[in-house]
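Colleague: Could we go through this model together? I would like to start with the overall picture and then turn to the aromatic residues.

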Amino acid sequence: MRFTNVVTAIGALAASAVLAVGLTPGVADASPDPVKYVNLGDSYSAGSGVLPLAADARLGCAQSAHNYAKIISRANGFDLTDVSCGGATTDDFFSSQQSGVKPQLDALDESVDLVTFSIGGNDEDLFGGTVMNCVVAGISTAMHGAPCEAKYAKSVAKTIRGTTYPNLVKAMAAVRAKAPNARVAALNYPWIAPDRNAPCNGMPISAGDGKFTHRVQAELNDAIARAAKKTGVTLVDVATPSTGHDACKPIGVRWIEPLLTTVQFVPVHPNALGERRMAAVTAKALDLK
C-alpha cells in the first residue's frame, strides 16, 4: 500500500472514530447512579402514627409514607430502602423483629451510600415503660409531688448507662461494618416533655415529674451522642431544634403528640409536622436538599 493510501486510510479511521464518539454517550456524559440510601430504626424513624402508611409497609411496623427518610429521599432523588419498624430495639438490627421481617442489618452492604436511623428508645422498654410508670405513679398520688422520679430515677439512669449505651455502641459499630462505604447518621430524639415542672395538657403525669421525664430523654440522647462519637457515626441533633415543640404544646406547634388528645393513632410519637422538621434538620446536617 502506498504512503498516501495509508494516510488516507488512517484519516478515514480517525474520522469514523470521532463520529462514533460523537454519537455514543461517553462515561462523562452518563447519568450517575442515584445515591443508595437505607433507613433503619424504630417508630421515630418509621414515622409510626403518620398517615398514610407506606404502600410496602411491613405488617406491624406502621411505617409511614411520609417519614423523614422518605421526605429526604423524594427531595434528593435517592434510591431508598426503608426497613425501619415501629417497636424496634437494637437487637432487631441483628435478628428478626417479627415473622416476615428480616434483621435490619440485612439491608446493608458495600454499595450503600447513606444510612440513617433512630434507635435505643425501646431498649429495656425505656420510653414506653417510663411514660406508663409515671402515669401510674401520678394517679396513685393524685398528681402530687414527683412520685415517678422518687421511684424510678436511679433504675432508669442505671439502665441507660449499663445496658442502652453498650447496645447503641454495638449497633452503630455493626452498621459501620456492614456499610463500610456509607455515611452513617444517627438521629437523637426530639423532646417529648419540656425541661420544667408544670402541668402538661394531654400527658397525665404529675407536674413535679416534668423535669425528671425530660432528664430521662436527655440521658438517652447523651448516650446516643457518646455512642456515635465512639463509632465514628454522624450525630444529627433533632432534639435542640425541637425545644418548644414538645407534646405539651398545641396542635400546629408540637412535633410530638401527647398521650391523650392525640391527633394520630400512635401517641407520644412525632406527628406529620415533626417528621417534616426531622427531615429538614437531617438534610441540613448532611448538606442535602
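This is a predicted model: local features need pLDDT of at least 70, side-chain atom pairs count only at pLDDT 80 or more; totals for chains, interfaces and linings use all residues.

Colleague: How many helices and strands are in the protein chain?

Modeller: The protein chain has seven helices and five strands. Along the sequence their order is α-β-α-α-β-β-α-α-β-α-β-α.

Colleague: What share of the residues count as buried?

Modeller: Of the 289 residues, 47% count as buried. The protein chain exposes about 13,900 Å², with 59% supplied by carbon and sulfur atoms.

Colleague: Turning to the rings, how many aromatic pairs are there?

Modeller: The count is five aromatic pairs. In one of them, the ring centres of Tyr 44 and Phe 127 are 6.1 Å apart and the planes meet at 55 degrees, so the pair is tilted. Tyr 44 belongs to helix H2 and Phe 127 to helix H4, so this pair ties together parts that are 83 residues apart in sequence.

Colleague: Is Tyr 44 buried or exposed?

Modeller: Tyr 44 counts as buried, because its relative accessibility is 3% and the limit for buried is under 20%. Phe 127, at 12%, also counts as buried.

Colleague: Which aromatic pair do Tyr 44 and Tyr 189 form?

Modeller: Their pair is edge-to-face, at 5.1 Å centre to centre and with 80 degrees between the planes. Tyr 189 lies in the loop between strand E4 and helix H6, so the pair ties together parts 145 residues apart in sequence. Tyr 44, Phe 127 and Tyr 189 form one aromatic cluster.

Technical notes
Residues are numbered from 1 along each chain as its sequence is written. Side-chain values use heavy atoms; hydrogens and water are left out. Helices (H or I, at least four residues) and strands (E, at least two) are DSSP runs, numbered from the N terminus. Buried means under 20% relative accessible area, exposed over 50%, partly exposed in between (1.4 Å probe, protein chains only). Accessible areas come from the Shrake-Rupley method with a 1.4 Å probe; for residues, only the protein chains shown count as cover. Rings of Phe, Tyr and Trp (its six-membered ring) pair if their centres lie within 6.5 Å; planes under 30 degrees apart count as stacked, over 60 as edge-to-face and the rest as tilted.
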